[in-house]
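Here's a quick walk through a single chain, from its overall make-up to a couple of spots inside. Have the model open as you read.

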Amino acid sequence: MKIEVNVPEGLDLDHAYQSVTDALANGDLFSGKYVPHNVTKDEQVLVASILNQLASKKVKQLLPNGFRDWVETHHEIVCTIHAFIDNDTIPKRIQKILDTEGFAGLYDLGIELTTDFCNTYKDREWDGDWIDTIIDFVNEKLQ
């Protein structure tokens with residue numbers, strides 16, 4: 001993953017990143033309660049830029065076609081999973097998850113399958129076969 005930042009003259013990137021991330025981990029930075037005396041405003045801005053770029057790249061991996069596409073796909077995948085349960089045709093993987101993790105495990109499965117589907121078909125233009133492809137995809141992943 002490549003990110004680009006402009007490091008101001010005389011600023012130690014390693015110190016800035018470590019100090020700011022330590023403060024973030026402690027919940028101190030930007031809380032208004034405490035900003036470490038050894039973290040300058042320039043360091044805060046620099047590290048915020050790095051973290052924003054990293055978050056942006058991570059979102060692109062999770063939501064390659066945007067949030068709406070992911071949510072619509074997630075809805076259809078969850079409907080497909082629930083159709084198995086409602087019709088008493090529960091695949092072994094779903095039954096195992098229900099037995100060991102309950103519905104919380106199904107929530108995780110839905111997120112996993114949705115993200116996988118969106119990344120697998122990220123550049124696909126749909127021409128009426130989207131739901132059929134989701135059903136086939138879920139069937140394949142659960143067998």
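## The chain at a glance

What percentage of the 143 residues in the chain is buried? Buried residues come to 28%, where buried means under 20% relative accessible area with a 1.4 Å probe, protein chains only. This is a predicted model, where local features need pLDDT of at least 70 and side-chain atom pairs count only at pLDDT 80 or more, while totals for chains, interfaces and linings use all residues. Residues are numbered from 1 along each chain as its sequence is written, and side-chain values use heavy atoms, with hydrogens and water left out.

The chain has 6 helices and 0 strands; these are DSSP runs numbered from the N terminus, with helices being H or I of at least four residues and strands E of at least two.

## The nonpolar core

The largest nonpolar core has 15 residues, and I81, I94, L109, L113 and V138 touch the most other members. Such a core is a set of buried Ala, Val, Leu, Ile, Met, Phe, Trp, Tyr and Cys residues joined through side-chain atoms within 4.5 Å. Helix 3, helix 4 (92-101), helix 5 (103-120) and helix 6 (130-142) each give two or more residues to this core. Helix 6 supplies the largest share, 5 residues.

Take I94: beyond its neighbours within four places in sequence, I94 is in contact (heavy atoms within 4.5 Å) with I81, F84, I85, L106, L109 and L142.

## A look at T73

T73 sits in helix 3 (residues 67-86) and is buried, at a relative accessible area of 1%. Setting aside residues up to four places away in sequence, T73 touches T114, F117, C118, W130 and I134. A polar atom of the T73 side chain also lies 2.8 Å from the backbone oxygen of D69.

Technical notes: Buried means under 20% relative accessible area, exposed over 50%, partly exposed in between (1.4 Å probe, protein chains only). A polar contact is a pair of N or O atoms within 3.5 Å; within protein, one must be able to donate a hydrogen and the other to accept it, and residues adjacent in sequence count only if both atoms are side-chain atoms.
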